[in-house]
Amino acid sequence: MNALLKVSDLNKSFKALHVLKNVNMEVENGERHVIIGPNGAGKTTLFNCIYGTLTPTSGMVYFKDKPIHDEESYKRVKKGMSRTFQKNNLFEDLTVEENVHLAILGNKDYKFNPLKPLLQYKDVNEKKVEVLEEWGMYARRKWLVNQLSYGEQRLLEIILALSSNPTLVLLDEPTSGMSPSETSQFTNFIKKIPRDITLLIIEHDMEVVFSIADKITVLHHGEALLSGDPESVRGEQMIQEIYFGGGALSK
Amino acid sequence: MKRIILSTIGLMAAVLFIPVVASPYVIYLSTEVLIMAIFAMSLGLIMGFGGMPSLGHSALFGLGAYTVVALSQYVSNVYVLLGAALILTLIFSLITGFIAMRNTGIFFLMVTLAFTQVLYLISSGMNLWGGADGMSTMVRANFGFGNIASSTGLFYMIGVFFVLSYFLLKVYTSSPMGKILKGVMENESRMTALGFNPKIFKTAAYTLAGGMAGIAGALYIYKNQFVSPELFSVHTAAEAMIMVFIGGYGTIFGPALGAGAFVFIENYVSSFTDRWSLILGLIFIAIVMLKRGGIIHLLSLAWNSIVRMRKKMFSERKRNVVEVKEEEEMVNERITKSQ
Amino acid sequence: MSFVLTNLLSGLTYGMLLFLMAAGLSIIYGLMRIINLAHGSFFILASYVAYTFIRSGMNFWIGLVLAVIVIVLLAFVIEKFLISKVQSSETDQVLLTLGLIFVLGDLSLWIWGGDFLSVPVPGILNFSIEVGEIYFPAYRLFVLFVGILFAVLLWYFENKTKIGMVVRAGVDDMKMVSALGFNIKLMFTGVFLFGAGLAAIGGVLGGPILGMYPTMEYEILVNSLIVVIIGGLGSWKGAFIGAILVGLVDVFGKLYVPTFSMALIFVLMVVILMFKPTGLFGRVET
């Protein structure tokens, strides 16, 4: 089988601003693929194009061997994608469990049922308990989102992304704003996610990157400079110079 | 579901009970309340659960009413008349909803307002159904067990529709469709990312609310036997909006309470002044400026404080009992010591 | 032919009145994100006030100026004590300004009654210009002239003056303008009063043509809302083009398909929205 996700010759410009330039990349089944690159490299724009939040100017995105570049993002969820956002993007006036309910419903066919109360669906309840317990948020299920700490909200973003039984999850800087202990907790959680879920992650924290990545793609000024396993990226002289200022990775 | 059924039964009991105790005049007014309650609850769905402040809702009320009047010239069967009103308003709101849903916020408001005004001008310009003067008709409902002619009978008939609407809205807002609607109101773009097409859920709610407003308009004819372009006016739409706010935004039953308060206040005020419109406008302004919730919020606030007070009293009593016991023990001790 | 030309003039005149209404509505929304449904009430109230002044023997032009001043003062009170307090919530704005329509409408009904009234045409313009066999009422030509004059003035204001440029920048990005240290509050009040003043001028000038009657504020409001939707929010150019379109469709529609003239305007709006959801020249996305 081919790669789960294939991006080929992807371009995105905003008027005169050319943000993505002929980006090519592949994400294999079960991989933990991390995208790194300095601010403004176009990482989030790449995510938005993969997820359908933005339409690419040119180029193709294949998911499970089918072109999806012009599909609305809600259709991609049904095909098995989900994502988190760089800035918390939650339903602040709803409770934690209501947030999770919505995320679970995203991939259910009975989301169009107007006549049966949501809470009577057993699988919704089971899935909710499962994800909330797994991530240690079950005790907080009745809290409103805006009562949670920032780190907990970050966590809830990830919980939502995992609630729709996805095959590919896009995590946009999941650890930004987390405390060191939350970050290490997060890293452990990521390692526990079963391998039938593929992860594509944008991450700045190099410790996190090298502890979870199978493969790293470096994005710089909208170009995918390099893709490879962590060791080869760590050793690449050019990368060290332009991105890490040299030597930063050898420690 | 249990709670929904219980509250529906409670509501049914209340509706059954009113004619037993109320004077004929109050029954007459309450019938109007029930009609407006159906109308306001349907608007409450799209405003309070869908975040769509529509000024086009009177278009559907009026359309339902006009359908009954126009068809009643040829048929008298209540199933046909109500069914036609329902189907027509469902279709109309589906189409207009589809158009209006291309826009959000202020554009949505303007587009819905324009729909209402178009129907208003067409109905007052056309000679067909009385033009600007309106037209009266003579319809009696017969569901298969005799004509409903008495005012109590009419009250019960409309009461059935009211309770049904309440039940339907309760179920709808607790179903996946309803929960998703609320999510779309809270954060539309996030819902897209979670796998929902927001337009479908908004249009569905808009259509359901439209059909319900249409039924309310049709029932209005059974009570008033008269239709005029006034029903389409922005005034009617604005009145429904104020009912939603007086009663309680974001709840199902709140708008029904608001309809009750509105009809009775209007009736009372109109009995001694012609300046109802002025007073209504001032109520609008006051509601916005005071930033208080609706009646239902005040009621639940009162209820909560009663519950808290009772809890407090109960714990005080318990403490008293403990103190008394302790005293008794002390006395007993003293007695045994002295012995 | 003469028939078409006279009606063309009527359509353009009505368009100019709508433009004066819509320009204010559009820029108030564009800058402040306030939907002022009571804008039509300013329009009709101005005609009523001018009517009172002029009927009591005052010169038309002085009556015009005084009526505009009265409306601007009223707008000032409304902005200061009501509008400025509800800026964040759209639903609150709708409720509040609807309430204002009710209050102002019922007060006018109380003061001026429910009959159709009209402001007399000023003596100096009470004649017709004859071109071939066609008579053009001078007053309508004057209104057309005033409309175009205001369009030019607004264009100049927007593009050539400093305040105009700040306002325009504010429509695009309010945050940036406030970061630059401009007094936003003052700017909002200014724009609101300016918009109300434009509506008042339109109202007084429309007095001899449209007349005044209860519920007229809704009609003028809806028509100018349609102008704004068609032209695009926050754009004066859009309001101008949109107003001419709506004015012409309205007049010719009433002529050929009397009952459905409004529906015609509406179809126009829907068709334009289908292709350009932000209107012809819209800069504001909601």
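1. Basis of the note. The model is predicted, so local features need pLDDT of at least 70 and side-chain atom pairs count only at pLDDT 80 or more, while totals for chains, interfaces and linings use all residues. Side-chain values use heavy atoms, with hydrogens and water left out; residues are numbered from 1 along each chain as its sequence is written, and chains are lettered from A in the order in which they are written.

2. Which chains touch. Two pairs of chains are in contact, and chains B and C share the most contacts; contact means heavy atoms within 4.5 Å. Chain A and chain C do not touch, their nearest C-alpha atoms being 16 Å apart.

3. Extent of the interface of chains B and C. Here 42 residues of chain B are in contact with 44 residues of chain C. Together the two chains bury about 4,000 Å², of which 81% lies on carbon and sulfur atoms. Buried area is the accessible area (1.4 Å probe) that two parts lose on being put together, summed over both.

4. The side chains of B:Arg275 and C:Asp106 form a salt bridge, at 3.0 Å from N to O. On the side of chain B that touches chain C, helix 5 (105-125), helix 10 (234-247) and helix 12 (276-290) each supply at least two residues. Helix 5 of chain B gives the largest share, 14 residues. Helices (H or I, at least four residues) and strands (E, at least two) are DSSP runs, numbered from the N terminus.

5. Nonpolar cores. A nonpolar core is a set of buried Ala, Val, Leu, Ile, Met, Phe, Trp, Tyr and Cys residues joined through side-chain atoms within 4.5 Å. Buried means under 20% relative accessible area, exposed over 50%, and partly exposed in between (1.4 Å probe, protein chains only). The largest core has 262 residues, of which A:Leu156, B:Phe162, B:Tyr222 and C:Leu98 touch the most other members. Helix 1 (residues 2-32) of chain C gives the most to this core, 17 residues. Another core, of 28 residues, lies apart from it and includes A:Leu5 and A:Phe85.

6. An exposed glycine. C:Gly132 is found in the loop between strand 1 (128-131) and strand 2 (134-137) of chain C. C:Gly132 counts as exposed because its relative accessibility is 61%.

How values were computed. Salt bridge = Lys/Arg side-chain N within 4 Å of Asp/Glu carboxyl O.
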